[in-house]
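The following questions and answers concern one structure. Please look it over before reading on.

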Amino acid sequence: MKLRSRFLLPASPFSRSVLNRLRTSASVAAACIGVLGTTIDAQDTTRTRPDSVAPTLERAEVRAQREATVVGGSAAVRVRADSLRLGPSANLDELLRTIPLLLVRQNSRGEVELSSRGAESRQVGILMDGLPLSYGWDGRADVSLVPISGVTAVTFTRGLGTLLAGTNTMGGVVELQLDEPVRQAGWESRLAFGSDQTAARQSSAGTATSRQLANGSTVTLRGGGSYRQRDGFTLADGVADVRDDATLRIGTDLEQYDGFAHASWRARTGASIGATATIYSASRGVAPELHLQEPRYWRYPDASRSAVIVKASAPRFFSTAGITQVEASFGRVGGTTRIEQFGSAKYDAVVGTEAGDETTLTGRVQLRQTLPNGASIAAAASTGRTRYLESLNADPTLVYRQQLTSIGAETMWPVGSRTIMAGGVVADLSSTPEAGGRAILSDQGSIGWRLGG
């Protein structure tokens, strides 16, 4: 009590006046709070009265594209062509050089090859709208001449991410997509030009649109083309070319035209049909190898290729088992290659010629079925028949024919809430009816499988 008495002040008229005012203010505040609470309760009661007419909401459908995923394998990388810092009319090799974990290199013939996870170039597949472009006689596509004028997205799967991509895909798969609908309404057009310090020129033009019809289906149209020309790459300081007077790297010149057209129809039920046509024509040099005493002095006066692809999907079928989707692609890829061999670095006398004409017919059918509890199963069959005509100098034309077929199935099923397992089996077949007059190999076949999680 003695300690407490030290902090008490004696009562005074001023202190009593302050206390009385505080008591009055508290009483007024309590009365206001009571009135406010009563008003809020009355307003809440009014707001919660049911409406006399129940509103009707229209059906809303949200579509999103599934991101590239791989179960039990390496990660997949998906890039959009318009999001990269490329030239106005870049080719596929320039785009692929921006993707990590993919080796892009040029061989002594001037062709650009791909390698992934230590696999050689014939083990990396190239697909365009689901159809293999690398089913040709050489088993690969020269990506330095594949234009990307109409390509909207590229997906690279490193390693054996699936058994359904066809033959020769142990190293990975590069998928080119042209049938993606346009995001904005109306026409989307572009016109681009470019040049550099060596007076190289690039230009491209394209237009696209997607229209929604009265029944909810969507029609997409795309078209365009590009042109690229260069006299050569700048010679690096301190590097001596095969000619002492060279200021540009010899054999790195290029002139190329290309064009594309695409039309597709897609219904809300999942049914779709579309057609894509691409064509390019180029003439280019081949850089001589500086570390050899007798390098190749080659030129490609003509390197052209065309592709026509038709792709269709059936309507999604709903059943007690799940959702069934069927998709089919068919196409024709034709190409012509002319090579001139010169006797010296002056490129003034042709000492040899080589000509190749190739036609490849391809087809692919794929079925996907969802199952209860998040599981799924898929199956695919793809085949490609190639006919190749080879002419060396004045020798008779040699005829080669080959057919590659792949049939596989795989499934995915969840184990618990955080684990997904995947497994599949595939059979690859190969036949060579004609081998340019050489001994014909017997039909080859092998069965493979994969299991991952």
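Q: Which residues form one aromatic cluster?
A: This is a predicted model, where local features need pLDDT of at least 70, side-chain atom pairs count only at pLDDT 80 or more, and totals for chains, interfaces and linings use all residues. Residues are numbered from 1 along each chain as its sequence is written, and side-chain values use heavy atoms, with hydrogens and water left out. Rings of Phe, Tyr and Trp (its six-membered ring) pair if their centres lie within 6.5 Å; planes under 30 degrees apart count as stacked, over 60 as edge-to-face and the rest as tilted. The cluster consists of Tyr297, Phe342 and Tyr347.

Q: How many aromatic pairs does a search of the whole structure find, and how far apart are the ring centres of Tyr227 and Tyr257?
A: The search of the whole structure gives four aromatic pairs. In one of them, Tyr227 and Tyr257 have their planes at 40°, so the pair is tilted, and the ring centres are 4.9 Å apart.

Q: Is Tyr257 buried, partly exposed or exposed?
A: Buried means under 20% relative accessible area, exposed over 50%, and partly exposed in between (1.4 Å probe, protein chains only). Tyr257 has 47%, so Tyr257 is partly exposed.

Q: Which residues have the most contacts inside the largest nonpolar core?
A: A nonpolar core is a set of buried Ala, Val, Leu, Ile, Met, Phe, Trp, Tyr and Cys residues joined through side-chain atoms within 4.5 Å. The largest one has 28 residues, and those with the most contacts inside it are Leu95, Leu96, Leu114, Val154, Val174 and Leu176.

Q: What is the phi of Asn373?
A: Most residues other than glycine have a negative phi. Asn373 sits in the loop between β16 (350-370) and β17 (376-392), and Asn373 is exposed because its relative accessibility is 73%. Although Asn373 is not a glycine, its phi is positive, at about 65°.

Definitions and conventions:
Helices (H or I, at least four residues) and strands (E, at least two) are DSSP runs, numbered from the N terminus.
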